[in-house]
Amino acid sequence: MKKQILGTLFVSSLAVMGSIAYAGDIIHDAEYEILEAQNGEKWRAEDKVLDKKLAELRKKFGKAPNIIHIMWDDMKYGAIGHPMLNNVTGYKSPNINKIADEGMTFTRMYSEPSCTPTRVAAATGRQPVRSGMIFPIFPIHQMGLPASEVTIAEVLDDDYHTGFFEKSHFGDVEESYLHNQGYDEAIFTLYNQFAGQMFTPEAEKEFYTVGWAEDELSPYALDKKFRPKEWVWAVEGFEGQKGKEISTPTVVAEYHEFNAMTYDRVKKFIAKHADADKPFLLDWWPNVLEMFNEENSPKQTQNGTASSESFYKLDKQIGEIVALTEKLGIAENTLIVLMADNGPMAEIWPDTFHNPGIFRGGKNDFLEGGVRVPAFAYWPGVIEKGAVVHDIVHVADLFTTFARLGGKMDAIPTDRVIDGIDQTALLLNGDGHGRRDHVFIYQGAVLSAIVKQQYKRHFAGAAPGLAGKGFFDLDKDPREEHPLMAQFLWAWPAFDHMKKRHEDQIAQYPHTPVARGEAYTGLELLKK
């Protein structure tokens, strides 16, 4: 479904098969414009070679590459990708370790600090502050991703079969539903795993949830509707049709059943479109954490927590997905990107992915442990085996990179800032070919830190006046434990200028108002 916003149709005509339409009038963030001015000539020459390579691949396979993006929750960098890391942390990831051996490992993949912002950045190529989607949404926030935002599914549009399965966390108003955001078919949760398994008797009994059950109601409570009771957790929808409620768990077993059902649909989606005349985009963002699951006993991991046991199950599923692409004969024309969406939630230690990791910090932190996540890419015959890249990548870059691979750069909207940078050169040419050297790290609407090259400055908590001890050399101090000041006085104005340019551009292009509902979530579905 192509969105008509303010009289502008954002999805343009089809790109010519075998050529890459590159939209020169995309409005990038101010910092990228500086990089492009210094490196543009070299990048344009490199792009000509990349265009030829991509055209050869299209000719060989008869279509653009399939794209599978798998993104799970709450994991620190340093638990998966190598048996040594598995042994240190007690996790098991043999299939992802194999992908790392045969594909690409990212050592500087940055997410946003929490679920909804990261997922919105991946889908729209924009910092969440630009759409107001700045914190995780729970029942019943009555808000979501506005229709005016353009997702990667809408960019690829008629040139791709598009499917979304499992956790979206885009919100609980209808315009944010995935089949209303460009996906041909989708089974998706409006919220996260907590809403699926923590609003249950099991969670209340184990003290993971407090005060929600009816027997916790105070005799002095006057507002009987304060606790969310009428809401929808998961919806199935097809583009152009009305969505329908498919799951709202009342016991944990129903949550597990939903996850199993959606994984089955993921495999069916791949099989259905493997031989189609068009490639497919599959976003599978699984509900990894499964509490109270009998499958977690007996323990199969050294760590032994719900997180490590759940992740081992996911690792096996990822191995099955790779094997399926090989069986169907599409592996060499399929890019698979795997990553976590942010650091671990420390509040429920140790069950919620709180492995030791390499970096300090966790979910909702501006420290590296909150936003620097494990990530891998796999594309047999295209990505060099065993590649390890230290170039900076932000999750928003996937939007623009996928558009480039799909030949749809001309469908990216040009009336707004696109923060995502095309990283096709990094995928195809390897380490040192990235096109980003900076990241702006927000907590909600607050710009808390900036990374530039190997340096980082903390703005959160800084006092006015002389720059304080908030500078870090991440190569020497990856855990951000030794703040410096005098040694970085040369960087004080440089970071100030970066911040000013960025905030001026934010003000120049005000964010789209977040979509808000007028009634309790999902009531239109419950009334059916």
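Predicted model: local features only at pLDDT ≥ 70, side-chain atom pairs only at ≥ 80, totals over all residues.
Author: Residues are numbered from 1 along each chain as its sequence is written, and side-chain values use heavy atoms, with hydrogens and water left out.

Reader: Why is Asp 73 called buried?

Author: Buried means under 20% relative accessible area, exposed means over 50%, and partly exposed lies in between (1.4 Å probe, protein chains only). Asp 73 has 3% relative accessibility, so Asp 73 counts as buried.

Reader: What makes Asp 73 and Arg 119 a salt bridge?

Author: A salt bridge is a side-chain nitrogen of Lys or Arg within 4 Å of a carboxyl oxygen of Asp or Glu. The closest N and O atoms of Asp 73 and Arg 119 are 3.2 Å apart, so the pair meets this rule. The pair links distant parts of the chain, with Asp 73 in the loop between β4 and α2 (83-89) and Arg 119 in helix α4 (residues 115-124), 46 residues apart. Helices (H or I, at least four residues) and strands (E, at least two) are DSSP runs, numbered from the N terminus. Arg 119 has 0% relative accessibility and therefore counts as buried. By the salt-bridge rule the count comes to 34.

Reader: Why is strand β4 described as largely enclosed by the rest of the structure?

Author: In strand β4 (residues 66-72), 7 of the 7 residues are buried, so the strand is largely enclosed by the rest of the structure. Asn 66, Ile 68, Ile 70 and Trp 72 are buried on one side, and Ile 67, His 69 and Met 71 on the other.

Reader: What makes β4 and β12 paired strands?

Author: Two strands pair if DSSP finds at least two bridges between them. β4 and β12 (residues 334-340) have 7 bridges, in the parallel sense, and therefore pair. Ile 70 stands opposite Leu 338 in β12. β4 also pairs in the parallel sense with β11 (residues 280-285), over 4 bridges, and there the bridge partner of Ile 70 is Trp 284.

Reader: What makes a set of residues a nonpolar core?

Author: A nonpolar core is a set of buried Ala, Val, Leu, Ile, Met, Phe, Trp, Tyr and Cys residues joined through side-chain atoms within 4.5 Å. The largest has 115 residues, and those with the most contacts inside it are Trp 72 and Phe 106. Helix α9 (residues 306-327) gives the most to this core, with 7 residues. A second, separate core of 13 residues includes Ile 450, Phe 488, Phe 495 and Met 498.

Reader: Which residues does Phe 106 contact, leaving aside its neighbours within four places in sequence?

Author: Contact means heavy atoms within 4.5 Å. Phe 106 is in contact with Tyr 77, Ala 375, Phe 376, Ala 377, Val 389, Val 393, Leu 426 and Leu 427.
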